[in-house]
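Thanks for coming. I will show one structure and walk through a few parts of it. Please look at it before I start.

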Amino acid sequence: MRMRTRNNLEGRLAECAALFADLEAPLPEGPLHIEVGCGKGRFINECARLFPEVNFLAVERVSNVIVLAMEKARDAGLKNLKFVRGDFAAVAPLLPDSRAERIYLNFSDPWPKKDNAKRRLTYGSFLEQYKRILKNGGEIWFKTDNRPLFDFSLETFAENGFELPDVTFDLHAERPEGNIMTEYEQRFAQMGIPICRLVATVKK
Ligand SMILES: C[S@@+](CC[C@H](N)C(=O)[O-])C[C@H]1O[C@@H](n2cnc3c(N)ncnc32)[C@H](O)[C@@H]1O
């Protein structure tokens, strides 16, 4: 299904142009947390508001939704949140080695057909990129409502040498403290669907 382009999309993106990250320039000093597939940006905007000492980078390939995330950041006057529009497969090579402390994957598209497994953001080739970008001891925080994707991901993280110190199959019941909800998560929570979350760590 084709999504309708939002009214004045390019004009609205241009008004937020200062929020696009310049990946040719050095990233700002200090901790770096990246969200891959930020959607409409509720999560990453809230992170940036709560943790002003951290630099946040949000990657999203769909212009129609990144524009909403960027407008939230502009309206809130956030200085520690930048955006990259593009597919992470193309963006990842532009990010430096061993630089980020944390990567967030929230409600990533499940790509249920086996033929499409390589597109899942927890497929081995993506995990290799995250490993390169993360510092020693860096973390990936992955949340999903999709149990088959979660089970697949538990295997791929383990196969690719990540440790899994924190795994829950019902985040809201077991570890609600400090959890920041995404747009998708709010919707699933209202429907009573349990949310799975894993934290994966990398040793270099
Ligand atoms: C199901 S939505 C979830 C959005 C948001 N994280 C949330 O939880 O509300 C997945 C988002 O990830 C984006 N996405 C999926 N694969 C991507 C990729 N390879 N690179 C960048 N964005 C991607 C999609 O465009 C979509 O906006």
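Is asparagine 8 buried or exposed? Asparagine 8 is exposed, with a relative accessible area of 52%. Here buried means under 20% relative accessible area, exposed over 50%, and partly exposed in between, with a 1.4 Å probe and protein chains only.

Before going on, some ground rules. This is a predicted model, where local features need pLDDT of at least 70, side-chain atom pairs count only at pLDDT 80 or more, and totals for chains, interfaces and linings use all residues. Residues are numbered from 1 along each chain as its sequence is written, and side-chain values use heavy atoms, with hydrogens and water left out.

Back to asparagine 8, which is found in the segment before α1 (9–15). Helices (H or I, at least four residues) and strands (E, at least two) are DSSP runs, numbered from the N terminus. The phi of asparagine 8 is near 55°, a positive value in a residue other than glycine. Most residues other than glycine have a negative phi. Serine 98 also has a positive phi, near 45°. Serine 98 sits in the loop between α4 and β4 and is partly exposed, at a relative accessible area of 37%.

Next, the strands. Strand β4 (residues 100–106) runs parallel to strand β5 (residues 134–144), and six bridges join them. Two strands pair if DSSP finds at least two bridges between them. Tyrosine 104 has tryptophan 141 in β5 as its bridge partner. β5 also pairs with strand β7 (residues 196–201), in the antiparallel sense, over six bridges. There, isoleucine 140 stands opposite alanine 200 in β7.

Now helix α5. Which residues of α5 are buried? They are Gly124, Phe126, Leu127, Tyr130 and Ile133. An α-helix has 3.6 residues a turn, so residues three or four places apart point the same way. Among the elements covering the buried residues of α5 are β1 (32–36), β4 and β5, where contact means heavy atoms within 4.5 Å.

Last, the ligand. A polar side-chain atom of aspartate 87 lies 3.0 Å from a nitrogen atom of the ligand. For arginine 61, a backbone N or O atom lies 3.4 Å from a ligand nitrogen atom. For glutamate 183, a backbone N or O atom is 3.4 Å from an oxygen atom of the ligand. Taken alone, the ligand exposes 600 Å², and the protein buries 93% of that. These areas come from the Shrake-Rupley method with a 1.4 Å probe.

That is my part; questions, please.

Technical notes: A polar contact is a pair of N or O atoms within 3.5 Å; within protein, one must be able to donate a hydrogen and the other to accept it, and residues adjacent in sequence count only if both atoms are side-chain atoms.
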